[in-house]
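Let's take a friendly walk through this structure by way of its aromatic rings.

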Amino acid sequence: MTHLTLSNICKQFAGTTAVEDFNLEVEKGEFVSFLGPSGCGKTTTLRMIAGFEVPTTGKVTIDDTDITYQAPNQRNVGMVFQAYALFPNMTVAQNIGYGLRIRKESKTAIKERVTEMLALIHLEKKGNSYPHQLSGGQQQRVALARALAIRPQVLLLDEPLSALDAKIRVSLRAEIRAIQKKLGITAIYVTHDQEEALSISDRIVVMYEGRIEQVGTPFEIYNFPQTAFVASFVGTLNTAPAEVVDPAKHLLKIDGVQLESAEMLEDKHAGDKVTIAIRPERFNFIAQERKANILDCQIENITFLGSVVRIQLLIGSNRFYMDTFNNPFLELPKIGDKAQITCSREAVLVLKA
Amino acid sequence: MTALDEKRDAPLARPAPHKMSWAWLGVMPFFLFAFLFLIYPSSTIVVRSFQDSVTHGFTLKNILALFDNHYILGAYWISIEISLLTSVGGGIFGFLLAYAAIRGGLPSFMRSSLMTFCGVASNFAGVPLAFAFIALLSPTGLLISWLRALGYNPYFHGFTLYTFWGLSIVYMYFQFPLMVLIIAPAIDGLRREWLEASENLGASSFQYWRYVALPILLPSIMGTMILLFGNSFGAFATAQALTGGQINLVTIVIGSQLRGDALGDPGLGYAMALGMVVVMALAITGYTVLQRRTERWLR
């Protein structure tokens, strides 16, 4: 059942379009991430759901109720801010209970809910501490509890982990996801960190220059990027200009080397120029006889990245990367060696213009 | 000798020999200045407050006279009244002005213009300030002349520049700019996310001010008002130039005691000055404590 709907949302600031024709339906209990570079309109969209910005055109509905022009304090939407935004003059317990106090709930009800929330974020003993006495990770957990305490219809998270160090980010994102699943709350999460979005979301909305580039599950976004931007933004991807040789047989050519793709090319004609994309981990050195997708290359560089070894290759005039798992018995070519690599036809993606 | 010792090619770290730093020379003028114009005069005030003006022996007579003499107590009371009025009035007006310029959505040039004006006005005191107000608000002043031409003479309706209220208006001229200058960083520190978080949790603008913004700013506002109190309490030249000693302020009474007039008692003057030092010290301590509290919150 659709819980949150954004229909034809546009937002302009002094003639500049921040968000353009944004359409999205979010199911109840779904965790959706807005992913994109700075200035792509993801935070503006989130702020329109919260009511801090009013769309220039379009409609925001929650459970079929139009909230487009409702004031922020009239919406039952919880928000977690990038810089926590905890009230420094209040204790942790007072911060969590603030929304309930505003709603004039009884002292007993507030106390019970605050205790419940403190247990949820594992900060039972910090109720009387002030925000400045907590670490960044603890402060963000309090901010999450404060947003959840009012039992919001939708939880909005605006880059909540960007101010934290890498290790805390990983553990806290898992905690956020676990709490969201436990409460079954609909969540919209804004991030520019692709790894974060891929690991935490049910669906990802990739945005670029105010527009949606692609909506899909993390699996779809990573493995089947539909546009050159998604391909370049999510993960590492080799892209190269190619020419369609035989659309019926899915044959393409890069620098004279023929490649077979699994993609449908019915709308293409022989000689059409396209862009192909191949993930580095989809390449292998040729271990046995193969008839298709054999690429002659020269090794340009080899970099150890811990569990992965990244090999820089030159195929014709195109520079590609190939990733292979690191192990102590791995036999690698030397820099300057000539080699042959291959990939499956499914690995060869043809990007939309 | 161990292998480790053999491999060591640098000598063991040892404390550097203690050397007198030449950097001290750079701050010497400051310390000299502080000694000559702060420590020495303050010490003199303390010593002479407990010294008999004739015999130069130790006495508590001067201190006790502070609490015994209605004229002296009256002077303290008027000084406290005028300081309270101008610190609270100037404080509130200055705060509203600063908030309007910083958060009121006014063009940015308004803020820089206001800050420049306040920087100048907060230091415009003493005889020039008194003269400026005489030129403007005395019975023959510019503004009063204009009002008279329009058929309204404030002096016929009880207004006089040379009274308590007139002096309060003059003091306000340097009090509110000082408030603007000091409170501006605190208002800058009020984060937009706090307002948004408060609204997001269902609060109205009034509730945000009542529960979040005002409690955060209050130590800073109170601290600055204490500073304004001290600023007004210690003012001398403006009142002397404007009223010629008609208003019995502590600073004016001290002046007349120390000048050696026929009725002057230097010992009592020093004791009164000690009282002022105590009031100022309390004001500065209160300001520092409250300012630290705000800084912790607005960090």
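**Rings and their neighbours**

In helix H2 of chain B, which spans residues 23-49, B:Phe33 and B:Phe37 lie four residues apart, so about one helical turn separates them. Keep in mind as you look that this is a predicted model. How exposed are these two residues? B:Phe33 counts as exposed at 54% relative accessibility, and B:Phe37 is exposed too, with a relative accessible area of 56%.

Now widen the view to ring pairs in general. Rings pair when their centres lie within 6.5 Å, and by this rule there are 26 aromatic pairs over all chains. One of them is in chain A: the ring centres of A:Phe219 and A:Phe224 are 6.3 Å apart and the planes meet at 65°, so this pair is edge-to-face; the cut-off for that label is over 60 degrees. A:Phe219 is exposed, its relative accessible area being 56%, while A:Phe224 is partly exposed at 44%. Back in chain B, the rings of B:Phe33 and B:Phe37 have centres 4.9 Å apart and planes at 45°, so that pair is tilted.

Rings can also gather in groups. In chain B, one aromatic cluster is formed by B:Phe93, B:Phe117, B:Phe124, B:Phe133, B:Tyr173 and B:Phe176.

Finally, look for charges placed over rings in chain A. Which ring lies under the charged end of A:Arg146? That ring belongs to A:Phe87, and the charged end sits 4.7 Å from its centre. Likewise, A:Arg279 has its charged end over the ring of A:Tyr222, 3.9 Å from the ring centre.

Key
Residues are numbered from 1 along each chain as its sequence is written. Chains are lettered from A and ligands numbered from 1 in the order in which they are written. This is a predicted model: local features need pLDDT of at least 70, side-chain atom pairs count only at pLDDT 80 or more; totals for chains, interfaces and linings use all residues. Side-chain values use heavy atoms; hydrogens and water are left out. Rings of Phe, Tyr and Trp (its six-membered ring) pair if their centres lie within 6.5 Å; planes under 30 degrees apart count as stacked, over 60 as edge-to-face and the rest as tilted. Buried means under 20% relative accessible area, exposed over 50%, partly exposed in between (1.4 Å probe, protein chains only). Helices (H or I, at least four residues) and strands (E, at least two) are DSSP runs, numbered from the N terminus. A charge sits over a ring if NZ of Lys or CZ of Arg is within 6 Å of the ring centre and within 35 degrees of the ring normal.
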